[in-house]
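Stop me whenever you like.

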Amino acid sequence: RVVLERHLRERHSIEKHGLLKFASVARERAFQEVSDAILVLDSAGVVVEINRAGYDLLGDSVIGEPLDAVLPEPSDDAVETRGRTVALDGADGQHHFSLQTSPISYGRGGSGSLVVLRDITELKQRQDELSLLKQILVRIFRHNMRNDFNVIEGYALEIEERGDEEIAEMAAIVRDRVQHLHQEAEKARELEAFFGYHD
């Protein structure tokens, strides 16, 4: 009974001071102030509402449009963002966004989804720069390794031709090992190309 009375007092206080109204206003304010673009979709995948960031990014003409008419086909991003991404052209060039979709439900059994677009352009640029740096370093490393292999193989051949029988056999083994390393390096390059790590 004590718990029930306390509950009734709290409810009366909330209704009297209009706190329910404030909660609704706070939710709307939070929705509008989020820096990520947010699109609310109905159960048919049609945009029914966007926040301020979404309006700045896409304009209000997206209201009433299906999502696939508003955004390009997302691509899977294998790096950092751990999800799907979309690229959109803006006044200052192309921007990249991570795309996250969450189901939502609202009054009287209504359902839909929430689509959040987070600008990851700077992250994508850093990834591209790191990828380019990696490619350059790998090329330099391979070039240096090839040069070193060639030098070792050349000296081994020279020793093999000039040395006595025992020395020639050891030099031949060195040459064989160098050729084997050449082949392994080539296989590694082919595997990288197969898995998409192009240089």
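So, going along the sequence, the order of elements is α-α-β-β-α-α-β-β-β-β-α-α. That gives us six helices and six strands. Keep in mind that this is a predicted model.

Some overall numbers. The protein has 199 residues, and 24% of them count as buried. The accessible surface is about 14800 Å², with 55% of that belonging to carbon and sulfur atoms. And if you take the contacts with a separation of 6 or more, 34% are between residues 24 or more positions apart.

Now, the inside. How many residues are in the largest nonpolar core? There are 17, and the ones with the most contacts inside that core are L39, V47, L58, V70, L71 and L117. Which elements give two or more residues to it? On the strand side we have β1 (37–42), β2 (47–50), β4 (83–90), β5 (93–106) and β6 (110–119), and the helices are α3 (52–58) and α4 (67–70). The largest share, three residues, comes from β1.

Let's zoom in on L58. Ignoring neighbours within four places in sequence, L58 touches L39, V70, L71 and L88.

Which α5 residues are buried? Those would be T121, Q127, V138, R142, F149, E153 and A156. When you look at that list, remember that an α-helix has 3.6 residues a turn, so residues three or four places apart point the same way.

Okay, over to you.

Technical notes:
Residues numbered from 1 in each chain as written. Predicted model: local features only at pLDDT ≥ 70, side-chain atom pairs only at ≥ 80, totals over all residues. Heavy atoms only, no water. Core = buried A, V, L, I, M, F, W, Y, C linked by side-chain atoms within 4.5 Å. Buried < 20%, exposed > 50% of the residue type's maximum accessible area, 1.4 Å probe, protein only. Helix = DSSP H or I, 4+ residues; strand = E, 2+ residues; numbered from the N terminus. Contact = heavy atoms within 4.5 Å. Areas by Shrake-Rupley, 256 points an atom, 1.4 Å probe, with all protein chains shown as cover.
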